[in-house]
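Here is a short briefing on one protein model. Look through the structure, then work down the topics below.

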Amino acid sequence: QNKLISLNDTMVNFMKDLINRHPDFLFSKMQKSYLNIEIPEYKLPDGSPDIEAQSYYFKNHYWDNVDLADHRFIFIPSFEPKLKEYFTKFLYNQETDTINKYIDMVLAKSSSDTLMYHYLVEWLSHEFETSKVIGHDAVFVHIAKTNQLAGKCYWLDEDVVAKYRKYVKRREPLLIGKVAPELVIPDTTLPKDVTKWRSSYKIDKPYTMLWFYDPTCHHCQHDAKVLVRVYDSLENINHRKFEVYAVGEGDTTVWKKYVKDSHFPWINVGGNQGNLDYLTYFDITSNPIMFILNSKHEIILNKNIDITQISTFLDEYEKLEAEKAQRSAEATPAIKP
């Protein structure tokens, strides 16, 4: 064992010496990229490890041994796995603003090498545009606004840039944390001589689920039945934290009959009328589509999830919000290495 340790130390010292003597050799840079980041042993006042400070240091110094201004790294097999580890493991479930911060940091390190910058912008754009994680659409919007739409991507023609611009304009108002506009749509399930306009803001529950559907859509019909079961079961145990504001599309006569026959227990509106063009605003290009808003009318969910998981999602959301509030209340000047 001692011989193995001695041999390893000899090898490491040899490589460090080679790196120092020939810092611009690709082989030297490649070997340096394999070295682990040495993280200081930050301690809390009670002597226990300061995990937060260590994590902060690691995220900020992860690329210290990789020359991101040298596009030759693109052709080294270990480079993409390193990218994936950083963005899809260490940062994947971080807050959007945190991910954006480190994306900007990495792109800034590569900006002097146009080929490396090109590669990273395309890789990051694809990674977050296709991500299934809630909130990652905001990361893609940030990348597009600060790169593709900022005139930095010389390789894109105007048609492609226009597509990015259209996507950002359409999607940005629907990102997590944005305030959804009030919807005022008639409840046409009432008698013909009665017209009652229902507001999506006047809800007596902490959360509002905006649910856009088409009564002729088989997927919508299936989800509606599941939603009724979830809605009623939560009501029966006094744990229903949300109200459904269901917006029906298509032929009004068909929709009215469907709602009447289905005996939906929630707010039912439709009739292709409203105080705004909600189909365009909420980017309704297929059905069904769901959004969940909190009591401040802020969007906390902007993509479909399994309807049976709505209650779990809300419980987790409340848990995370409570943790954020606690961290904010207990915040003290921290080491920022």
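Is Tyr119 buried, partly exposed or exposed? Tyr119 is partly exposed, because its relative accessible area is 21%. Buried means under 20% relative accessible area, exposed means over 50%, and partly exposed is in between (1.4 Å probe, protein chains only).

The model is predicted: local features need pLDDT of at least 70, side-chain atom pairs count only at pLDDT 80 or more, and totals for chains, interfaces and linings use all residues. Residues are numbered from 1 along each chain as its sequence is written, and side-chain values use heavy atoms, with hydrogens and water left out.

- Tyr119 lies in helix H6. Helices (H or I, at least four residues) and strands (E, at least two) are DSSP runs, numbered from the N terminus.
- Tyr119 touches Ile74, Phe79, Glu80 and Leu83, leaving out residues up to four places away in sequence. Contact means heavy atoms within 4.5 Å.
- His71 is 48 residues from Tyr119 along the chain, and their C-alpha atoms are separated by 8.6 Å.
- Ser125 also has its place in H6, which covers residues 114-129.
- Ser125 counts as buried because its relative accessible area is 2%.
- The side chain of Ser125 reaches the backbone oxygen of Val121 at 2.7 Å.
- The side chains of Ser125 and Gln148 are joined by a polar contact of 2.9 Å. A polar contact is a pair of N or O atoms within 3.5 Å; within protein, one must be able to donate a hydrogen and the other to accept it, and residues adjacent in sequence count only if both atoms are side-chain atoms.
- Setting aside neighbours within four places in sequence, Ser125 is in contact with Phe140, Ile143 and Gln148.

**Helices H5 and H7**

- The axes of helix H5 (residues 96-110) and helix H7 (residues 136-146) come within 9 Å and cross at roughly 35°. Axes are lines fitted to C-alpha atoms, for helices over the stretch in contact, and angles run from 0 to 180 degrees between N-to-C directions.
- On the H5 side, the contact is made by Thr96, Ile99, Asn100, Ile103 and Asp104. On the H7 side, His136, Ala138, Val139, His142, Ile143 and Thr146 take part.
- The residues of this contact divide into 5 nonpolar, 5 polar and 1 charged. Here Ala, Val, Leu, Ile, Met, Phe, Trp, Tyr, Cys and Pro count as nonpolar, Asp, Glu, Lys and Arg as charged, and the others, Gly among them, as polar.

**The sheet**

- Strands of a sheet pair through backbone hydrogen bonds, either parallel or antiparallel.
- This open sheet has 5 strands in the order S5-S4-S3-S6-S7, with mixed pairing. Two strands pair if DSSP finds at least two bridges between them.
- The edge strands are S5 (267-269) and S7 (299-301), and each pairs on one side only.
- Strand S3 (residues 207-213) pairs with S4 in the parallel sense over 7 bridges. Tyr213 has Gly248 of S4 as its bridge partner.
- S4 and S5 run parallel and are joined by 3 bridges. Tyr245 has Ile267 of S5 as its bridge partner.
- Strand S4 (residues 242-248) is mostly covered, with 7 of its 7 residues buried.
- Phe242, Val244, Ala246 and Gly248 point one way from S4, while Glu243, Tyr245 and Val247 point the other way.
- Helix H9 (residues 218-236) lies across S3 and S4, running at about 160° to S3.

**Loops and backbone angles**

- Most residues other than glycine have a negative phi, and most peptide bonds are trans.
- The peptide bond from Asn287 to Pro288 is cis, with omega near -5°. Pro288 lies in the loop between helix H11 (278-281) and strand S6 (289-293).
- Asp283 lies in the loop between H11 and S6, and its phi is near 55°, a positive value. Asp283 is buried, because its relative accessible area is 17%.
- Asn238 lies in the loop between H9 and S4, and its phi is near 60°, also a positive value. Asn238 counts as exposed, because its relative accessibility is 72%.

**Asp67**

- Asp67 is found in the loop between helix H3 (51-61) and helix H4 (79-90).
- Asp67 counts as partly exposed because its relative accessibility is 27%.
- A polar contact of 2.7 Å joins the side chains of Asp67 and Lys29.
- A polar atom of the Asp67 side chain lies 3.0 Å from the backbone nitrogen of Ala69.
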